[in-house]
Amino acid sequence: MEKATSLEKPILRVSVAPHIQQKITTSHLMYNTLIALVPALLAGIYFFGFASLKLALICMATAVACEAGMQGVMGRKLTIKNGSSLVLGLLFALICSPELPWWTAVLGVAVAVILGRGIYGGLGNNPFNAVLVGWAVMKISFAAQMATWIMPEPLFGLEAGGYIEYPPLEVLRLDGVDALLDLPWRDLFIGNVPGAIGTVCVAAVLIGGIYLLARRIITWHIPVSFLASAWLFGLIFWLIDPEVYANPTIYLLSGWMVLGAFFLATDKGTVPVTAPGMIIFGIGCGVITMIIRYWGGFVDGVAFAILLMNALTPLLDRVRPRVYGRVKQVA
Amino acid sequence: MGFKTSFRGVSLPPQKVSNPAIEDAPLPKKVVLPLGQSENRVCKPVVEVGEHVKTGQLIGQSDDFLVAPVHSSVSGTVTEIRPWSDLSGNKMPSVIVESDGNDSWLEEIRAHEDFSDKESAQLLPDVKAAGVVETGPPSMPLHAKFTKPEPSKEFQFLVGIPQSKPVDTVIINGIDAEPGMAAKGAVLTKYSSEIADGIRILQKLIGSAQMVLAVGSNGSVSSPLSGELAGLGVQVFQGKDKYPLGLNPILIKCVTGREIPLPDGTEQDIGVAVVDAVTLVHLVEAVRDLKPQVDKIVSVSGAGITAVKNYKVRLGTLVQDLVEQLAGLQGDPVKVIAGGAMTGVALFSTDIPVTKEIDALIFQTAAEAKSFSPDACINCGLCVRHCPSRLLPNELSKYCEFSMFEEARDKYLLHCIECGICAYVCPEKRPMLHLMRYGKRELSLA
C-alpha cells in the first residue's frame, strides 16, 4: 500500500461479505468450557486430594500430545491451541475415579483423541462424543481399574461423609433403596460421597453449567430437557413403587447426570443443532439414562445414553422449524 | 395492523455514521455513467461522442420495461462511450462525460409541480422517465414495483386467472440495515416534507393500500412529520435494533406477517411493496420537480477515512475522485466496501463509479479488515441458532463446499436471503455467505 493520503495506486484487499465478524472463535468456546469445568475439578481436589489434579494434568497433557501427533501424521493444520483437546482431557479425568492408574488414563485419552475424534477429521466431525468413546472402551476393557472408588476426605472444613462406601448408584443397585435412606441429600449435592472426580459435587458442576448458559456457549434445550425428562421418568416409577425405585431427585443428584447434561450431551458436533432436535435429544438421553439405571447392565447409564443418542443426531437434525418462505408445492 | 417483532438475528455493533446531516459532495470533473443495471439489461446511448450535454439530459434509454433510463449527472462534453468495469468486474457500456463545471440544468426541470390533481396513469410515466432505481437487492427500476408485467400468454391460457395480486400494503423502509449505512435515518429527519409528499404520491400510484413507515430503534420521526403521517393514515413501525430487520424479507414478515414465497416469489406475489426511504425522496423529485435521478445519498464511514458523513454524490463520480475531493483518508485503508458491512462488495479498484445501487462506502484499515479461513466446520450450531430463514447453514455450506449443489437445493439453499449472519457468527470464520452465493450461482447455471 502506498502513501495512504492519496490512494493513488492502492492495493486493495478483496474479500467476500460480510466485512465484520463476531469476536467469538473456537478457542473462545473451548476455553470458556474449560473455565466452566474448573469448579468441578476444584471440588474433586477438595474431596479426593491432589491425586485428582495429577490425573487431570496427565489426561490433558496426553490429549494435547495425541492431538498434535495425530495432526502431524495426517499432515493437517495444528489446532492444539484452540483448547479443544484440553477440554477433552479434563472431561475424561473428571468422569474417572481419582484412583485410576496413570496408564489407564493415558490409554483412554489416546483412544478418545485418536479413535474417537482424529480419524473422523478432528473437532466437530466425529459422530460420537470422543470422551465417552474413550471412556467406554476403557470401561469394557479394564472394568476392574475403572471401578476402584475411594472415600471422600475433604481437605478442610467438612467431615468426611461416611454413610456409604461405594458411589450412590452402586449402593442403590447392590443394596436397594433402603441403604440410601440415611444419606443426607446435602452430601449428595456438595459431593461428600465416593464417586468420579468431577461428578460427585453437583453444586460445582451446576455453577459451571450456569456459566456456560450465561456466556451463551450452550443453549438451555439439551440440559433442561435431559434433566427434566430423567426426573419425570423417575417420578413415574417412584410413584408406582417407592420400595424398588428411589426418589427421582436422588438419581438427579448422583452419578454423572448433571455433568452429562451440561457438558457431555452438549459436545459440539455430536448433538443436533436445531431447537426441536436438541429437545428430543435431551429427552432421549434422560429416558435412556434412567432405563439403564433401572434395568441395564451398567450402573450409570449417562455415557451409553448419550452415545446412543449421538447415533440419532443426523436424524434429529431433520426435525427443524419451517424454513422462511416455504410454500407447499401445487401440482 | 399488529406488528410482530420476533425473528432470529444478531445485534451488530452500532452504526458508525451518527451524524444525520447530508452534505453535497463537490461536483466531479468527470463522471462515468453505466448504461444499465446488469449485464443483460442495458440501455442504448442516445448521445454521441463530442456532444454537449446538460445536467439531467437523457443519455441512454431502452424499450425493455425493466431497464431504467440514464441521465447525465453533470453538464459537459461526452468524451467517450466505452465499457467500464462495474462492482463485480463486468464490463458495462458507459458514457463518460467531462464536466464543464457549470452544472447547468435542462430547462424543463422546475420545482414544485402540482401533482395533486394528477392521476396514477399520468404519474407512472414520470417515475419511469426519471430513472429512479431501488437500491435493492435486487435493484430494479421503481416503476416496475407498481406495475407488474403481463403474465405470459400461454400460462394465462392454462389457468385463466390473472396472476398479479394488487398491492395492499406499502412499507417505507427507513431502517438502516447494516453498520455503515445511515442514509435512511438521515433522510427521515432532513427530508421530512419529501417523505410526506412521497407518501401522497404512493397513495395515488397504488390506491387504497395500507402505508407503514418502518424506522429503526435509533431513527425517530420528527414531530411535524409524525402529525402529517397520522393525517395520511400511515402507521409507524418502530423496529428494534437487531439485524436483519432492515432487509426486506424479514421486514415484510414483521410488518405484515406474510412471507415471500421463495425461491421464485417476489414481494408482489404477496401484495406488498417495499420502498426505500431514500428512493422515496428521488420519487418525489421525479414527480414533483420532474427531476431525473442524478445523485445518490451515500454514507461514507470506516476508520480509514476522516469524513464520516452522509454525502449527496453525483452519479458516476469515481470512488477515487470522491476520496480525493473529500481528502480525508487516514490510517491505511486496505479495503473499500460498496454497501453495508454485512452484504457489501469489496472493491477491487477505486475506479468504480457511484451508481444508483450504492448506498454506502466503507473504508476499512488493516486492523478492521477481516478475512476468512478454509478450516472445516465444527458443527457448533451458532449459525443455525441465528439464521433468520431458519436454515441449517452449517450443512448447506458443506454441501456447497464439496459441490453437492442438488443436495443443497433439497435442503432449501434457495431460501437463503443472504443476510450474512452465518458468516458473522461463525467461530471458525468460514466464508459461509460466499459458499451460499456460490452454490446458488452454480444452480442457476445448471
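**Close-up 1. Surroundings of A:Leu90 in the largest nonpolar core of the predicted model.** Leaving aside neighbours within four places in sequence, A:Leu90 is in contact with A:Leu34, A:Leu37, A:Leu41, A:Ala56, A:Cys59 and A:Met60. The core to which A:Leu90 belongs holds 226 residues, and A:Leu90, A:Phe92 and A:Leu94 are the residues that touch the most other members. Helix H1 of chain A (residues 26-48) supplies the largest share of this core, namely 10 residues.

**Close-up 2. Contact between domain 1 and domain 2 of chain A.** The domain assignment places residues 26-146 of chain A in domain 1 and residues 168-311 in domain 2, and the centres of these domains, taken over C-alpha atoms, are separated by 21 Å. Across the boundary, 34 residues of domain 1 of chain A are in contact with 29 residues of domain 2 of chain A. On the side of domain 1 that touches domain 2, the elements giving two or more residues are H1, helix H2 (51-74), helix H3 (84-94) and helix H5 (130-141) of chain A, and H1(A) gives the most, with 14 residues. The residues of this side of domain 1 divide into 25 nonpolar, nine polar and no charged.

**Close-up 3. Buried side of helix H7 of chain A (residues 168-175).** The buried residues of H7(A) are A:Pro168, A:Leu169, A:Val171 and A:Leu172; they cover an arc of only 160° around the axis, which puts them on the same side of the helix. These buried residues pack against helix H8 (185-190), helix H11 (248-253) and helix H13 (275-295) of chain A. Just after H7(A), A:Gly176 takes a positive phi of about 85°.

**Close-up 4. Strand S14 of chain B (residues 272-276) and its pairing with strand S11.** Five of the five residues of S14(B) are buried, so the strand is largely enclosed by the rest of the structure. B:Val272, B:Val274 and B:Asp276 point one way from S14(B), whereas B:Ala273 and B:Val275 point the other way. Strand S11 of chain B (residues 169-174) pairs with S14(B) in the parallel sense over five bridges, and B:Asn173 stands opposite B:Asp276 in S14(B).

**Close-up 5. An open sheet of three strands in chain B.** The strand order is S5-S7-S8, with antiparallel pairing, and the edge strands, S5 (44-45) and S8 (70-71) of chain B, each pair on one side only. Between S5(B) and strand S7 of chain B (residues 58-61) the antiparallel pairing runs over two bridges, with B:Pro45 standing opposite B:Gly60 in S7(B).

Note on methods: Residues numbered from 1 in each chain as written. Chains lettered and ligands numbered in written order. Predicted model: local features only at pLDDT ≥ 70, side-chain atom pairs only at ≥ 80, totals over all residues. Buried ≥ 20, exposed ≤ 12 C-beta atoms within 10 Å, placed from the backbone. Helix = DSSP H or I, 4+ residues; strand = E, 2+ residues; numbered from the N terminus. Pairing = 2+ DSSP bridges. Core = buried A, V, L, I, M, F, W, Y, C linked by C-beta atoms within 7 Å. Contact = placed C-beta atoms within 7 Å. Arc of directions from axis to C-beta. Domains from an automatic or database assignment. Nonpolar A, V, L, I, M, F, W, Y, C, P; charged D, E, K, R; others polar.
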